[in-house]
Amino acid sequence: MTGGLEVERKYDLAVGQHLPPLDEVVVPGRVDEFDLEATYFDTPDHRLSRARQVIRRRVGGSDDGWHLKSPGAGPDERVELHEPIGPASAVLPPPALRQRVAAVLEDAPLVPVAVLRTHRREQELRGIDGMLLARSCTDDVRARSGARHDHWREAEVELAGGPPELLDRIEAVLARAGVVRAGHGSKLAKALGRPAEPRPLGPGSSAAEVVLAYLARQVGVLQRFEEPRAEPEAVHDARVAARRVRSTLRAYGRLIAGPAPAAAARRLRAFGQIVGAARDAEVVLADLTDRVARLHPDVLPDASVLVLGPLGARLRRMDDDLVARAPGRDQALQQVLIDLLDARRLGPEAAGTARDVLPALRGRRLSKVRRRVADASGHPGLEGWHAVRKAAKDARYATELLLPAMPELAASKAAWERVTERLGRVQDIVVATRLLSELDLETAAVGAPAPVLDELRHGLLAELAPTLAEGRAAVAAALALG
């Protein structure tokens, strides 16, 4: 990363207007012309803009690349950081720049908010000794931000070695020619106009506001998921965010037009298979490590060799695969996630209030749980209850999404959390038992005795029936609440 302090002033020009000669202050130097294209990124509610921070990817001119601009100490100062331009397929700013604004972003994602195409005429301004003091730029700008289009002309004077007072002397010449300071602090501010302050979600919020706010939080988590090893809970957070997006699309995806919902669901399903296996192994390893610690001292060495060693190796292999395929690096996935947050893709139904539009769609999730419970209750085995667990997750997240508009659903949300926690524990027992059976076969193949595996398996199976009973009772209670 490179960077420095930028000291400049910006001026309004009429379309076709030029800067007056500055010969009385500086010696005009070489003139260059560039065509620039810049894509600006911000959160959907414009948090960076309100903090006077700008992230852009600019192509053309002498400084192609990703730029982060932040306020400096003085009114004319901006701190600018640069990252290389990277591949043209990149749809997100580099992690190093996103980390610099993490405190402003919190849980929000970055999305493209404007594209500016600029024809720039840049002139060197030198001293009588030939030293470069500043540069002046005259920019013809065409901007697109959502459905908003604009065209304007402006000028910038940026120091390049000259003293700060040079800007005052140049400004005096410009003022005599009728050129005044720009009414906007940045091109992005001009392109966006005056975005409305986001209003808190509540009972009067539209379905669009509630659904997009919920999706945005999950997309923000998935954008930040770069290096699972860096944070112990990163795998869990990404797995839950992916589930929440998929559940939201199943419950409320009909409000979003176009191919983005199907594309996002397909790619998140593939990611979920990787992250799910890694998270399952992580949970099982923690569980079995605790169980092994409680075994008789005489069998501890066998347990470590037969159970913890192979499972730890398996988890490391899964972690390597997960790091290589982290969603932050999957540009196609990130693009479809960004597409989900485009309010222009929402149909007219989404304009209604969340309380009027969304409960019926949530009701379909509850009906699916009832059908899955009926199926599971009529057949032996655990597969049916695994299907109940998956349907219950959809009900849980569909309820969670609605809470800002319908706070009276808080008890229902807690009930569905209890369902997924208990049935999730059943699934953990199944996965751990299956793993021990695989290890049992491996030890038998090499002729090694493994009574410790039987002891661990029996302990798990002893928990299975009561845990399933708790899960079934929790489903009944959640459905009763509605």
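Author: Let's begin with a pair of strands: β3 and strand β4 (residues 65-71) run antiparallel and are joined by five bridges. Within that pair, Ile55 faces Leu68 in β4. Before going on, note that this is a predicted model, where local features need pLDDT of at least 70 and side-chain atom pairs pLDDT 80 or more, while totals for chains, interfaces and linings use all residues. Residues are numbered from 1 along each chain as its sequence is written, and side-chain values use heavy atoms, without hydrogens and water.

Reader: What makes β3 and β4 a pair?

Author: Pairing takes at least two bridges found by DSSP, and β3 and β4 have five, so they pair. Strands themselves are DSSP runs (E, at least two residues), as are helices (H or I, at least four), numbered from the N terminus.

Reader: How do you know that β2 pairs with β3, and which residue is the bridge partner of Phe41?

Author: β2 and strand β3 (residues 54-59) share five bridges in the antiparallel sense. Phe41 has Ile55 in β3 as its bridge partner. On another side of the story, β2 (residues 27-42) is joined to strand β6 (residues 111-126) by 14 bridges, again antiparallel. There, Ala38 lies opposite Leu116 in β6.

Reader: Why is the sheet called a barrel, and in what order do its strands come?

Author: Eight strands close up in the order β1-β5-β4-β3-β2-β6-β7-β8, with antiparallel pairing. On average, neighbouring strands of this sheet are turned by 35 degrees against each other, direction ignored. Strands of a sheet pair through backbone hydrogen bonds. In the protein as a whole there are 14 helices and eight strands.

Reader: Which residues of α7 and α11 meet?

Author: Arg250, Ala251 and Tyr252 in α7 meet Leu358, Leu361, Arg362 and Arg365 in α11; contact here means heavy atoms within 4.5 Å. The residues of this contact are four nonpolar, no polar and three charged.

Reader: Is Arg98 buried or exposed, and how do you know?

Author: The relative accessibility of Arg98 is 7%, so it counts as buried (under 20% is buried, over 50% exposed, partly exposed in between). Arg98 sits in helix α2 (residues 95-100). Its side chain comes to 3.1 Å from the backbone oxygen of Pro93. Across the 482 residues of the protein, 50% count as buried.

Reader: What makes His46 and Glu106 worth a look?

Author: Most residues other than glycine have a negative phi. His46, not a glycine, has a positive phi of about 60 degrees, and Glu106 has one near 55 degrees. His46 lies in the loop between β2 and α1 (47-50) and, at 17% relative accessibility, counts as buried. Glu106 lies in the loop between α3 (102-105) and β6, and its 55% makes it exposed.

Definitions and conventions
Buried means under 20% relative accessible area, exposed over 50%, partly exposed in between (1.4 Å probe, protein chains only). A polar contact is a pair of N or O atoms within 3.5 Å; within protein, one must be able to donate a hydrogen and the other to accept it, and residues adjacent in sequence count only if both atoms are side-chain atoms. Ala, Val, Leu, Ile, Met, Phe, Trp, Tyr, Cys and Pro count as nonpolar, Asp, Glu, Lys and Arg as charged, and the others, Gly among them, as polar. Axes are lines fitted to C-alpha atoms, for helices over the stretch in contact, and angles run from 0 to 180 degrees between N-to-C directions.
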